[in-house]
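Please look at the sequence and the structure before reading the points below.

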Amino acid sequence: MKKIITSAPGKLMLMGEHSVVHDRGCLVVAVDQRLRVELSLLDQENKLIICAPNVNIKDFYYDLATNKDISTLPKEVRFVVQSVRNFKKKYADIFKKSGLQINTSSDFASTFGFGSSSAVTVGTIFALIKLFDVSVSNRQLFNLCYQTVLDVQGLGSGFDLAAAIWGGILYFETGGKKIEEISLSNLPLVVGYTGIKADTVTLVQQVNSRLSHYPSLMNTVFDLSWILVKKGKQLLQSQNWSKFGELMDLHQGLSYTMGVSSCQLEKQIMAARQAGALGAKLSGAGGGDCMLALVSDENRAQVEQSIKDVGGEVLVVDLLAPGVRVESK
Ligand code: MEV
């Protein structure tokens with residue numbers, strides 16, 4: 001039986017959250033917590049079976065011949081099903097009536113906000129590309145994955161897909177208008193988890209609503225965020241951590257103005273700053289998920305303790321992870 005295993009990394013938004021949904025840029029770093037996709041060809045035509053024990057999905061069956069609307073499916077399988085459907089549509093002559101078994105597993109909980117939907121989309125489409133021996137550039141892979149995410153959730157900048165594909169640390173503009181790799185060998189961050197799962201779609205809609213009530217104010221906030229992101233890109237390149245930390249603090253002020261910070265995030269951010277962090281901010285949609293603190297070697301332990309003292313969990317992760325890859329054939 002033909003089989004392939006791929007893995008794609010998770011991500012953390014470094015700067016530019018929300019404004020990147022509105023035609024601006026962001027900085028994103030890949031996290032070496034990987035999501036694996038195991039893809040096997042089945043004898044039965046048009047049959048798709050999905051097992052995803054991390055999200056309690058066992059032997060989910062989808063008939064690829066019927067093309068049943070994905071909005072009627074459990075949300076845990078939508079990205080995988082739509083990835084297969086979009087690949088099948090684009091490469092119909094190669095895919096024909098293939099049957100597939102897809103098993104997924106993850107190093108990280110889907111509640112962390114590390115981007116399990118984007119990693120599973122990238123891992124699945126990349127596995128299909130390799131299994132069917134299609135030659136595709138990173139950019140073409142991104143476009144197919146981005147279409148899939150828009151089909152499933154109707155919004156999103158696509159930054160998380162770029163992190164899962166390229167890995168490392170990237171400067172990214174909405175929809176992949178610009179994707180630039182930044183060369184960096186180390187990024188001294190502490191990651192604090194609030195224990196609260198944020199719903200990205202709801203938070204993006206909340207920001208949209210604030211934008212419709214205060215268009216010029218919110219556009220100014222997005223512009224300021226983009227200025228910080230561009231400046232941040234330069235500071236990363238020169239590894240000027242103290243100045244980059246200042247920009248993180250400034251960006252947190254913008255996230256607060258967008259209305260996406262939360263009590264628990266603020267507690268952890270303030271605690272980290274008081275313990276000597278060079279800068280601290282929320283990461284991602286806000287409302288929960290994770291915060292980031294930039295630290296020096298000397299104050300890392302103190303900052304970690306301060307986050308725990310206010311009820312946060314410190315996630316130990318390797319950053320600047322490699323992008324999507326084949327694990328075995
Ligand atoms: C969510 O992690 C980051 C947002 O900017 C959404 C997106 O860019 O797709 C809020």
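Rings of Phe, Tyr and Trp (its six-membered ring) make an aromatic pair if their centres lie within 6.5 Å; planes under 30 degrees apart count as stacked, over 60 as edge-to-face and the rest as tilted. The structure holds 9 aromatic pairs. The model is predicted, so local features need pLDDT of at least 70 and side-chain atom pairs count only at pLDDT 80 or more, while totals for chains, interfaces and linings use all residues. Residues are numbered from 1 along each chain as its sequence is written, and side-chain values use heavy atoms, with hydrogens and water left out.

**Aromatic rings**

- In the pair Phe 112 and Phe 114, the ring centres are 5.4 Å apart and the planes stand at 70°, so this pair is edge-to-face.
- Phe 112 is buried (under 20% relative accessible area, where exposed means over 50% and partly exposed lies in between, with a 1.4 Å probe and protein chains only), because its relative accessible area is 15%.
- Phe 114 also counts as buried, at 1% relative accessibility.
- The rings of Phe 142 and Tyr 146 have centres 5.6 Å apart and planes at 20°, so they are stacked.
- Phe 142 and Tyr 146 are 4 residues apart in helix 4 (residues 138–153), and therefore about one helical turn separates them; helices (H or I, at least four residues) and strands (E, at least two) are DSSP runs, numbered from the N terminus.
- Both Phe 142 and Tyr 146 are buried.
- One aromatic cluster is formed by Phe 87, Tyr 91, Phe 95 and Phe 132.

**Charges over rings**

- A charge sits over a ring if NZ of Lys or CZ of Arg is within 6 Å of the ring centre and within 35 degrees of the ring normal.
- The charged end of Lys 230 sits over the ring of Trp 226, 4.0 Å from its centre.
- Likewise, the charged end of Lys 233 sits over the ring of Tyr 171, at 4.4 Å from the ring centre.

**The cavity**

- On a 1 Å grid over the protein atoms alone, a cavity is a set of points where a 1.4 Å probe fits but cannot get out; a pocket is an open set with protein on both sides within 12 Å along at least five of seven lines; lining residues have an atom within 4 Å of a point.
- Grid points are joined across faces, edges and corners, and a volume is the space filled by probe spheres set on the points.
- The whole structure has 1 cavity of 30 Å³ or more, and the largest cavity holds about 40 Å³ of space.
- Its lining includes Phe 112, Gly 113, Asp 289 and Cys 290.
- Strand 1 (residues 3–15) supplies the largest share of this lining, 3 residues.

**The largest pocket**

- The largest pocket holds about 1,200 Å³ of space.
- Of the 49 residues lining the largest pocket, Phe 79, Ser 116, Ser 117, Gln 153 and Lys 197 are the closest to its centre.
- Helix 1 (75–90) gives the most to this lining, with 5 residues.

**Leu 150**

- Leu 150 is found in helix 4 and is partly exposed, with a relative accessible area of 29%.
- Leu 150 touches Leu 155 and Gly 156, not counting residues up to four places away in sequence; contact means heavy atoms within 4.5 Å.
- The C-alpha atoms of Leu 150 and Val 260 are 22 Å apart, and the two residues lie 110 residues apart along the chain.
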